[in-house]
Amino acid sequence: MTIAESEGVKPAKSQTLVRGLDVIEAVASGSNSLAEIARATGMSYSTTHRFAQVLSERGYLRYSRGREFELGPKLIELGFQAHTQTDIVEIAHDYLHDLAQRSGDTVHLGCRDGEEVIYLDKIKGNRPVNVNSRIGGRRPMSRTGIGMALLLDSSLEELVEIFASNKVQGRVDGDEREFLLRMSEYAKGGYALDIGDDSPSIRCVAAPVRGPSGDIIAAISISSATEYMSDQRMQTLIPEVKLIAQKISAAVGHSLP
């Protein structure tokens, strides 16, 4: 028993996190009973029981036979998501590179993390345009074309919540009603447009990438300065960007209806 346990001191959050991960790793290594997990982690039986119970409730562990544990469905879900995100960069890269070469514009691949977009890939075009983004960078979803493309399947309640949160953070301007009307139009068309929302001088056309289950797992966008992105050109690019997104979707296992 540790000093914290013997004195009844509540572990620090970081220590609690580490212990939870220790339990998961112990089960992954073949420790199935509470006694085996306790020995592998060096925690007391009662502490092990508390951690195992919480992890089971959250889906990271599950009971298998009697009082034995195995890895839960949440880990399978997260593992698949991580695998997909890792693979999708490699799978999508050639499609994005070809699109950037043909259009001359900057092309992005991004995925959702909470209420933000994370850029997974960026390929610059040959135009003298500086698009202020980077691989690993984050932007608010309701302010970017790629973010709005990731939200095309979202409910009205979720859209309102995300817009309100981004606005409270001072990361989005504009009117909620206008945003919702645009999202309704985009959802019907299967695309999204950034018409200077994130930067007044940059516009983009975006479309979602779907995984094997049909869920949106990523999105792509083509971005350029307003002088190269007239309303007419943006409309012309919509079917092309959607087509590339569909090809990437098919490459990761999505079957079109």
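Ser44 lies in the loop that joins α3 (34-41) to α4 (45-57); helices here are DSSP runs of H or I with at least four residues, strands are runs of E with at least two, and both are numbered from the N terminus. The model is predicted: local features need pLDDT of at least 70, side-chain atom pairs count only at pLDDT 80 or more, and totals for chains, interfaces and linings use all residues. Residues are numbered from 1 along each chain as its sequence is written, and side-chain values use heavy atoms, with hydrogens and water left out.

Ser44 has a relative accessible area of 15% and is therefore buried (under 20% relative accessible area; exposed is over 50%, partly exposed in between, with a 1.4 Å probe and protein chains only). Its side chain makes a polar contact with the side chain of Ser46, at 3.3 Å. A polar contact is a pair of N or O atoms within 3.5 Å; within protein, one must be able to donate a hydrogen and the other to accept it, and residues adjacent in sequence count only if both atoms are side-chain atoms.

Leu193 has Val205 in β7 as its bridge partner. The two strands form a hairpin with six residues between them, and Gly196 in the turn has a positive phi of about 90°.

The chain as a whole has nine helices and eight strands. Of its 257 residues, 43% count as buried.

Terms used:
Pairing = 2+ DSSP bridges.
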